[in-house]
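Please look over the model shown below with its charged side chains in mind.

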Amino acid sequence: MILACQNISKSFAEEPVLQQVSFHVEDYEKVAVVGINGAGKSTLMKIIMNELDPDEGTVTLAKDKTIGYLAQHQEIGGERTIYETVLEGKRDLIAMEEQIRQMEGQMQSVPAGEMDAFMEKYHKLLQEYGARDGYAYRSEVSGALKGLGFAEEEFGKICSTLSGGQKTRVALARLLVTHPDIILLDEPTNHLDIASISWLEGFLVNYKGAVVLVSHDRYFLDRVVTKVVEISLHHSAVYNGNYSAYAEKAAKVREERLKAYENQQREIRHQEEVIEKLKSFNREKSIRRAESREKQLAKIEVMEKPEEERSRMNITLTPQVVSGNDVLSVEHLSKAFGSQVLFTDLSFEIKRGERVALIGPNGTGKTTVLKILNQVLGADGGSFRLGTNVHIGYYDQEQQVLHMEKNLMEEISDDYPELTNTKIRNVLAAFLFTEDEVFKRVGDLSGGERGRLSLAKLMLSEANFLILDEPTNHLDIVSREILEAALNRYEGTVLFVSHDRYFINKTATRILNLTGKRVRNYIGNYDYFLEKRETEKQAEPVPENPHQLSRKNEASAGKADWKAQKEEQAKLRKLQNQISRTEAEIEQAEERLAQIDGEFAKPEVATNSARLSELHAERTEIQEKLDGLYELWESLSE
């Protein structure tokens with residue numbers, strides 16, 4: 001065991017956050033801490049790091065073990081470059097390297113009588129340096145920076161000039177190259193694109209140490225963690241397995257607790273009714289029996305009703321009018337900022353009812369595309385056209401559509417003056433803003449609260465074309481699941497940018513991959529996109545000089561690929577239907593065989609030769625049919 005938390009409790013202004021939280025972490029174990037926003041996850045991490053003192057309980061780190069921590073917000077500044085800052089994580093190897101160079105410079109002047117001892121010390125130092133991968137540490141630093149999304153030409157940027165997200169990535173890279181025995185990560189994927197998250201997954205899965213992380217990225221958690229610590233209603237529960245295993249087990253536990261409580265309540269009510277009835281008979285025996293039951297009832301340890309976290313938003317997205325079938329047509333769109341070209345000749349169409357995810361590495365211009373479509377930015381070239389009766393609802397990850405000086409009531413009432421105060425309060429309550437919280441200034445809200453307010457305005461817009469930029473940022477897992485369900489029920493059209501692969505997988509019907517200044521279509525969800533990409537890598541040879549392909553050829557190839565994918569999807573659906581029908585026939589045949597075998601076992605059938613012959617013939621016929629169905633199923637599955 002490398003880390004143990006025993007009965008950790010913490011309150012702020014007499015408001016409990018954590019109560020008797022206990023769990024432990026084994027060597028090399030990968031552990032997730034999950035819970036709704038405000039559950040106390042970051043507080044727990046700070047207590048483990050001695051940045052906060054618990055009111056009760058202890059944190060024990062195994063002897064001689066090192067620990068590293070990445071908080072959500074990083075204060076990295078100064079005039080050092082990105083590369084120099086991450087290189088600081090290798091300070092011990094740099095010092096060892098300097099000592100080796102110093103000793104090499106002293107070799108000529110070492111007295112002959114001291115040379116053997118000197119060389120022995122030198123060789124030991126070289127061995128230790130090599131054993132700790134000293135010869136590769138600069139490559140490791142470069143690899144971590146590239147893996148987290150920094151191009152080599154960015155290594156020389158001064159840290160004081162970086163954005164908050166870039167500083168977090170620099171801090172993460174520096175932490176990873178230090179190789180502590182246990183790493184604590186608080187929302188490490190918040191500022192990473194999909195490629196960087198995939199790199200981090202691989203790093204953590206293969207990390208020769210323990211990891212404790214807080215994250216709302218379910219895809220990431222599924223691939224990395226082996227144990228989940230749930231913080232709910234201030235208490236902890238521990239589940240073995242990844243996030244999906246935890247979600248299934250936790251749901252069963254909640255269901256069983258609620259069922260046990262309801263069963264006990266039914267039994268209590270039943271006993272009270274029996275007691276009341278016995279007393280109504282007003283006879284000595286019945287009264288004694290009633291008193292006996294009362295004593296038994298008093299001994300029952302009454303269960304508390306299982307509580308639910310106050311975390312469930314109520315989102316209903318309903319278009320006011322139905323749009324035409326052609327929702328959006330983008331033709332030859334291009335955009336650059338100075339010498340930085342984001343994309344050129346971008347063309348695609350979106351039809352009514354589609355849910356389209358626009359994905360790609362950071363810096364490719366995904367958010368810029370959405371801003372152009374919402375006329376927040378102008379394009380350098382090309383055009384776009386909205387279809388008949390298309391009304392846009394826009395969710396902006398930077399929350400620039402909110403007014404920081406207004407309170408929540410004003411933010412809604414100014415945009416929707418026809419709503420009464422009661423209706424506005426009801427809407428805000430559906431997004432977890434109650435009582436005096438509705439008079440908070442928008443500027444004083446947290447990122448998650450602003451996200452919920454933007455979703456409330458989106459719901460009220462009754463738009464039939466939703467354009468969403470990172471809608472799951474700052475939302476906890478429960479809220480993400482509610483948004484997923486709302487979008488899947490939505491009868492309008494959706495175009496969204498997201499790095500949340502689980503969210504993309506659950507909601508997208510089509511993927512637009514923006515990379516290399518172009519966009520490519522994939523008809524399906526994220527899993528299909530990954531599968532198709534893998535097939536492309538294996539099957540398609542790389543052109544000797546891809547830059548010589550003309551735009552015309554690229555466009556033709558894109559259309560052909562689009563058509564081929566649609567045909568492939570249609571064939572796949574037909575095949576899946578055949579498999580389902582075959583499985584149903586197999587199930588029916590097996591059920592009939594079981595019934596016939598049951599008939600054989602009946603005494604009245606065993607003595608009836610005519611019936612036995614009839615059943616035997618039917619069984620032989622069904623068995624032959626079943627053998628054929630098995631062969632068909634195997635063939636279809638292949």
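## Basis

This is a predicted model, in which local features need pLDDT of at least 70 and side-chain atom pairs count only at pLDDT 80 or more, whereas totals for chains, interfaces and linings use all residues. Residues are numbered from 1 along each chain as its sequence is written, and side-chain values use heavy atoms, with hydrogens and water left out.

## Overall form

Along the principal axes, its C-alpha trace spans about 110 × 70 × 70 Å.

## Salt bridges

The whole structure holds 30 salt bridges, each defined as a side-chain nitrogen of Lys or Arg within 4 Å of a carboxyl oxygen of Asp or Glu. One of them joins Asp92 to Arg132, with the closest N and O atoms 2.1 Å apart. Because Asp92 lies in helix 3 (residues 91-106) and Arg132 in the loop between helix 4 (115-131) and helix 5 (137-147), this pair ties together parts that are 40 residues apart in sequence; helices here are DSSP runs (H or I, at least four residues), numbered from the N terminus.

Asp414 pairs with Lys406 at 3.0 Å between the closest N and O atoms; Asp414 is partly exposed at 45% relative accessibility, whereas Lys406 is buried at 15% (buried means under 20% relative accessible area, exposed over 50%, partly exposed in between, with a 1.4 Å probe and protein chains only). Arg218, Arg480, Glu484 and Asp500 form a linked network of salt bridges.

How values were computed: Helix = DSSP H or I, 4+ residues; strand = E, 2+ residues; numbered from the N terminus.
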